[in-house]
Amino acid sequence: MIPKIIKSYLLLVAAVLSCSLAYGQATSVPVVPPDSIGPDQSRPFSWVVVPADGSSSLNLVNAPGQGTCNSSNPCYYTEANIWTAYGLPPLQARGKYGQGMTIGIVDAYYDAQTAANLQAFSTAWGLPMGTSGSSINCTTTPTLTIVSQTGGSPSGVAFNANWALEINMDVQQAHSMAPCANILLVATNNNSNANLYTGVKYAYAHADIVTNSWGGGEGASELSADANFSPSTVPLLFSAGDTGAITEYPCTSPYVTCVGGTTLLTTASSFRTSEYVWNDGSANGATGGGCSSAEGKPSYATGFTESICGSARGVPDVGALADEFTGVTIYLGANVEGTANLYCCIGGTSLASPLIAGILTNVNGARVAGGKAKLGSGLNSLLYQAASYSPTGVSSQPAPYGSSYRSFYFDVYTGNSGFPATTYWDRTTGLGVPAFSAIGNYFITNVP
Amino acid sequence: MRTLASLAIFLFAFTAARADQLITNGGFESGTLAGWTATSTGDGNFSVTSAAYTPLTYNATVGANSGSYYAVSDDYSGSQTQYLTQTFTTPGSFNSATLSFAMFVNDVYGEDFGSSGPGGEVSLLNSMGGLIAVLYGPLDTFDDPAGDPNNYVLFSEDIASLLAANTTYELQFSSTDTSGLINVGVDDVSLVTTATPEPASLSLFTTGGLLVLWLAYRKPRAFQA
């Protein structure tokens, strides 16, 4: 029996987080960090300080596209690089940059520097929550609200340095993807299952989409734990984990969208040239995913996952950037790293989840502007439905895939996590990396 | 007198080898689709841009081949064809008709997963839209060793044998999605007909030129009177 482990999926080019999650009757649950990976005490690389003044000297990004990003030469994408690589500008403009929407983020513990760090990060990259002005004009200045797991003041919640990495990355990346959206950060008392679930419930009652970058090993008790997620009326996203071909809960819950990880390479002008399965080895992380040992195949996955997972729930559902060596920057305070700085680099499937939550917030913005309801808890159904869509009603792809499959998804078919990537759905990145402006248009225009 | 002499030379050259450009706004430097018609079977279309990316899905391109602007196809949901068409009419006589253009075809993956499809194509149609000939293509796989986005391919060919005099045709660029999104870029479209007179008519043109020269010579004098 695999011990249940709850960690946050954050891979820092210098820090691995650990946290524990024990569900149900589970015996003991070794707590691992959040799903983020960056340099931490257990990673064989260290932070690189990035000038936090928005100067052009920030660009270490010669490597993406050059294939030389690794632990001795970590690279990062600027926020504008990410927008370009994922084709976000048209979608962000249509969605009013998420104006009026709220992104919920659930993390364990509390970092009192979160707001200051977000402001510094935003200043460096010219985002609306910064002080240097922004090319993005929000109708109303977005806000960051931090609450305890029950909605009260977070000031009594303890600090944990590993979770602080997760918290700051989640908040900063969510703001960048939907720069005019409000952010609601729920700081749970610790990383126990009970507290994190309490935090999720508060978040989905008060936000329009919720991203979570933590999880642990599977167990039979997870079926009853699903009751924590099934009442949600908004999309819940979870990171798939950073330890390769292993499934984690809650990502395996059919009520959440499970997000796997990729390595992203671009041209010098930051357009994507390739994207493949994130696997930096056991020391530096690889995307989680596989076939659930407890959860059955949800109906929305019919036709997509059976050939690999039979009657089990297959995860992840989709993928996005996670490789810390082609990762993003993070602003951390002195309470975490000794000196407040913008650091390179951080990643993990912990990154992939807030990226997608933020990006989908632009879809919500556009849907509301068009008089439609926001995306709801049926996000997974929509994701698989989009993969089946054929504009003419006749598919050129093998069933259940539609003609639009490769317009709506970048089908990641290169690499392995322990499980091989294949064309169509697989256990590394699910359906693939959404082609956000295209699938976004489907969600905005075609979905009622 | 010097002015008149050079005018005479100009007239002679003009009548001896006449060249007509039949395409309007072939380089899209108006920044618009003026002269062209863009149609689609789906949710995409050709549009004119100066940016090195497509307008709907933000895929990288190499930008314009020359000048500032070019036309590029883009769509959201694939499985469709975009058309970029211009109608032209041939002159009363011509010996050659040189069609030239710059065109690129990108797909999101840099390959097409082995599926078949027209990809990018250039066709000559009659005035009713009926196909006369596929002039170029289909192009549907692009593993450009230089990497994405792909560079322009330059085309130049005499298509006079396909054309009759005083007749209206359509020149059509098409972009058909295969298994993924295809972006077709078009720039610097030109169709130039030349008419080189036969020796007999050459002397006639020369006479005509001299007549014009004589009239031109007379006119100023009339003003002086």
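Helices (H or I, at least four residues) and strands (E, at least two) are taken here as DSSP runs, numbered from the N terminus. The structure is a predicted model, in which local features need pLDDT of at least 70 and side-chain atom pairs count only at pLDDT 80 or more, whereas totals for chains, interfaces and linings use all residues. Residues are numbered from 1 along each chain as its sequence is written, and chains are lettered from A and ligands numbered from 1 in the order in which they are written.

Helix α3 of chain A (residues 114-125) has 12 residues and reaches 17 Å from its first C-alpha to its last, close to the 16 Å expected at 1.5 Å a residue, the expected span being 1.5 Å times one less than the number of residues. Just after α3(A), Gly126(A) adopts a positive phi of about 70 degrees. Of the 12 residues of α3(A), 9 are buried, a residue being buried if 20 or more other C-beta atoms lie within 10 Å of its own, exposed if 12 or fewer, and partly exposed in between, with C-beta atoms placed from the backbone. Among these buried residues are Leu118(A), Phe121(A) and Trp125(A). The buried residues of α3(A) pack against α1 (79-85), β6 (144-148), α4 (161-177), β7 (182-188), β15 and β16 of chain A, where contact requires C-beta atoms, placed from the backbone, within 7 Å.

Strand β15(A) (residues 326-332) has 7 of its 7 residues buried, so it is largely enclosed by the rest of the structure. Strand β4(A) (residues 75-77) runs parallel to β15(A) and is joined to it by 3 bridges, pairing being assigned if DSSP finds at least two bridges between two strands; here Tyr76(A) stands opposite Gly327(A). Strand β16(A) (residues 341-347) pairs with β15(A) in the antiparallel sense over 5 bridges, and Ile330(A) stands opposite Tyr343(A).

Leaving aside neighbours within four places in sequence, Ile356(A) is in contact with Leu237(A), Val259(A), Val318(A) and Ala320(A).

The contact between the chains takes 23 residues from chain A and 19 residues from chain B. On the side of chain A that touches chain B, the elements giving two or more residues are α2 (89-94), α12 (405-408) and α13 (436-446) of chain A, and α13(A) provides the largest share, 4 residues.

Key. Two residues are in contact if their C-beta atoms, placed from the backbone, lie within 7 Å.
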